[in-house]
Amino acid sequence: MEIKNPLSNFKFSKIQSIGFYGCGHMGEAVLEGVMAPKFGRPAKVVIVGRDLGKLGKIEKKYPVKTSNTASALKECDVILLGFKPQNLVDIPEFKSRGKIIISMLAGTDIERIKEVFPGGRYVRTMPNLGQSVGAGMTGLYFGASKFKSEEKDSIIELFHALLTLHNEINE
């Protein structure tokens, strides 16, 4: 019996716009998967960070918009937090009503994320660096916020697709 890969026809169609607030090693591993032509791309991808040199390198490597101001994320439906957790104290309050906030901030619970990003719907994820080479795993926790089943599915599929993509790259 042949087992079909459930992601063979996967597209990020449910995620129309995604913003990365910080794009370090893990953020770029996720970005690489998001930008893979195999899975389709969201209509809009925005990267916000402090290091203009790093933003320039990302912009040369991927067809994304970059900025050093958080206001560039206002049009994004999904925002992935990929900065160092100690920098959370420097982040100004962000208007996140109705947005899906995916936090990769180690040691930072959803209650703390809600303080800085109020009014959103929250996902806590803990990918590890092994994810970037197809040898890791990612835990996901959906906060008490109400998610549509297709939103949850898209986020789960996103992280599963990243592992699949990196496994294929490394074979």
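**Figure 1. Contacts of Phe-20 in the predicted model.** Leaving aside residues up to four places away in sequence, Phe-20 touches Gly-27, Val-30, Leu-31, Val-34, Val-45, Val-46, Ile-47, Val-48, Leu-73 and Leu-80. A contact here means heavy atoms within 4.5 Å. The model is predicted, so local features need pLDDT of at least 70 and side-chain atom pairs count only at pLDDT 80 or more, while totals for chains, interfaces and linings use all residues. Residues are numbered from 1 along each chain as its sequence is written, and side-chain values use heavy atoms, with hydrogens and water left out.

**Figure 2. The largest nonpolar core.** This core has 28 residues, and Phe-20, Leu-31, Val-45 and Ile-47 touch the most other members. Two or more residues each come from strand S1 (17-21), H1, S2, H2, strand S4 (78-81), strand S5 (100-103) and helix H4 (149-170). H1 gives the most, with 6 residues. A second, separate core holds 20 residues, including Leu-81, Leu-88, Ile-91 and Ile-101. A nonpolar core is a set of buried Ala, Val, Leu, Ile, Met, Phe, Trp, Tyr and Cys residues joined through side-chain atoms within 4.5 Å. Buried means under 20% relative accessible area, exposed over 50%, and partly exposed in between (1.4 Å probe, protein chains only). In soluble globular proteins, nonpolar side chains tend to be buried together.

**Figure 3. Helix H1.** H1 is mostly covered, with 9 of its 11 residues buried. These are Met-26, Gly-27, Glu-28, Ala-29, Val-30, Leu-31, Gly-33, Val-34 and Met-35. Helices (H or I, at least four residues) and strands (E, at least two) are DSSP runs, numbered from the N terminus.

**Figure 4. The largest pocket.** The space in the largest pocket is about 730 Å³. Its lining counts 31 residues, and Gly-22, Cys-23, Gly-82, Phe-83 and Lys-84 lie nearest the pocket centre. Helix H1 (25-35), strand S2 (44-48), helix H2 (52-61) and strand S6 (121-127) each give two or more residues to the lining. By class, the lining has 18 nonpolar, 9 polar and 4 charged residues. Ala, Val, Leu, Ile, Met, Phe, Trp, Tyr, Cys and Pro count as nonpolar, Asp, Glu, Lys and Arg as charged, and the others, Gly among them, as polar. On a 1 Å grid over the protein atoms alone, where a 1.4 Å probe is fitted, a pocket is an open set of points with protein on both sides within 12 Å along at least five of seven lines; lining residues have an atom within 4 Å of a point. Grid points are joined across faces, edges and corners, and the volume is the space filled by probe spheres set on the points.

**Figure 5. Aromatic pairs.** The count comes to 3 aromatic pairs. Rings of Phe, Tyr and Trp (its six-membered ring) pair if their centres lie within 6.5 Å; planes under 30 degrees apart count as stacked, over 60 as edge-to-face and the rest as tilted. The ring centres of Tyr-21 and Phe-83 are 5.5 Å apart and the planes lie at 70°, so this pair is edge-to-face. Tyr-21 belongs to strand S1 and Phe-83 to the loop between S4 and S5, so the pair ties together parts that are 62 residues apart in sequence. Tyr-21 is buried at a relative accessible area of 8%. Phe-83 is buried too, at 12%. One aromatic cluster is formed by Tyr-21, Phe-83 and Phe-117. Phe-142 and Phe-147 also pair edge-to-face, with ring centres 5.2 Å apart and planes at 80°. Phe-142 is buried at 16% relative accessible area, and Phe-147 is buried at 13%.

**Figure 6. Ser-67 in strand S3.** Ser-67 sits in strand S3 (residues 65-67). Its relative accessible area is 14%, so Ser-67 is buried. Not counting residues up to four places away in sequence, Ser-67 touches Ile-47, Val-48, Gly-49, Leu-55 and Ala-72.

Figure 7. Phe-159 is in helix H4 and is buried, with a relative accessible area of 4%. From C-alpha to C-alpha, Phe-159 and Leu-140 are 9.0 Å apart in space, and they are 19 residues apart in sequence. Lys-74 lies in the loop between S3 and S4 and is exposed, at 55% relative accessible area.
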